[in-house]
Amino acid sequence: MTREVRAFAVTVLTLAALGVAAGLLWSGVTPRAPYQVTEQGPTLADPTTQALIAADGWFAVITGGLGLLCGGVAWFIGRRWMLAVLLGLCAGGVAASFLTLWTGSTFTIGSVVVQAAAVPGIKVVPGALKLTAPGVLVSWPLLAVGFFTLLEGMHGYRESPLRQPYGGPVV
């Protein structure tokens with residue numbers, strides 16, 4: 001029983017560490033929405049900017065890609081403790097997504113500012129990174145567990161006696 005708990009814990013902690021790195025990557029590559037600093041406070045400088053959508057897209061690409069990578073690596077390495085690793089992928093993927101969101105919105109690594117149609121004389125600053133579509137938070141655990149399950153299903157089918165229902169080889 002302790003080996004299964006260890007496999008679960010290692011999977012969760014590995015994905016959480018990757019979540020911090022993914023957050024720094026997300027912060028580095030995502031353009032920031034431009035805000036004007038006015039007397040009323042910061043307001044969106046360009047209402048037609050696509051930077052808010054780009055933040056969601058980059059988050060989904062980074063976490064989804066890492067989810068696929070983690071699901072494949074976990075299947076190849078952790079096949080002895082399938083259930084523990086699968087549950088670790090699910091819990092660790094959720095933790096990694098939230099750590100990616102927190103790290104990326106807390107630390108600013110290369111702030112890319114989208115040019116805005118600002119009024120001359122008003123200061124334009126990059127906005128904070130945030131998600132406008134919270135549904136992208138499930139991309140890491142969903143793709144990790146899905147790819148793990150797909151690989152196990154294909155492997156199980158290849159070794160299944162149901163492929164040869166009458167005892168002979170399939171021609």
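User: Which is Val 136, buried or exposed?
Analyst: Heads-up, this is a predicted model: local features need pLDDT of at least 70, side-chain atom pairs count only at pLDDT 80 or more, and totals for chains, interfaces and linings use all residues. Buried means under 20% relative accessible area, exposed over 50%, and partly exposed in between (1.4 Å probe, protein chains only). At 16% relative accessibility, Val 136 therefore counts as buried.

User: Where does Val 136 sit, and what separates its C-alpha atom from that of Phe 59?
Analyst: Residues are numbered from 1 along each chain as its sequence is written, and side-chain values use heavy atoms, with hydrogens and water left out. Val 136 is in the loop between strand S5 (124-126) and helix H4 (139-158); helices (H or I, at least four residues) and strands (E, at least two) are DSSP runs, numbered from the N terminus. Val 136 touches Asp 56, Phe 59, Ala 60, Thr 63 and Leu 131, not counting residues up to four places away in sequence, where contact means heavy atoms within 4.5 Å. Phe 59 is 77 residues apart from Val 136 along the chain, and the C-alpha separation is 7.2 Å.

User: How are helices H2 and H3 oriented, parallel or antiparallel?
Analyst: Axes are lines fitted to C-alpha atoms, for helices over the stretch in contact, and angles run from 0 to 180 degrees between N-to-C directions. The axes of H2 (residues 51-77) and H3 (residues 82-106) come within 11 Å and cross at roughly 160°. Angles under 35 degrees count as roughly parallel, over 145 as roughly antiparallel, 65 to 115 as roughly perpendicular and the rest as oblique. So H2 and H3 are roughly antiparallel.

User: Which residues of H3 does H2 meet?
Analyst: On the H2 side you've got Phe 59, Thr 63, Cys 70, Gly 71, Ala 74 and Trp 75. Their H3 partners are Met 82, Val 85, Leu 89, Ser 97, Thr 100 and Leu 101.

User: What is the centre-to-centre distance in the aromatic pair of Trp 75 and Phe 76?
Analyst: Rings of Phe, Tyr and Trp (its six-membered ring) pair if their centres lie within 6.5 Å; planes under 30 degrees apart count as stacked, over 60 as edge-to-face and the rest as tilted. Trp 75 is buried at 7% relative accessibility, whereas Phe 76 is exposed at 61%. Their planes are 75° apart, which is edge-to-face, and the centres are separated by 4.9 Å.

User: Which residues does Thr 103 touch?
Analyst: Thr 103 lies in helix H3 and is buried, with a relative accessible area of 2%. Leaving out residues up to four places away in sequence, Thr 103 touches Val 20, Gly 23 and Leu 24.
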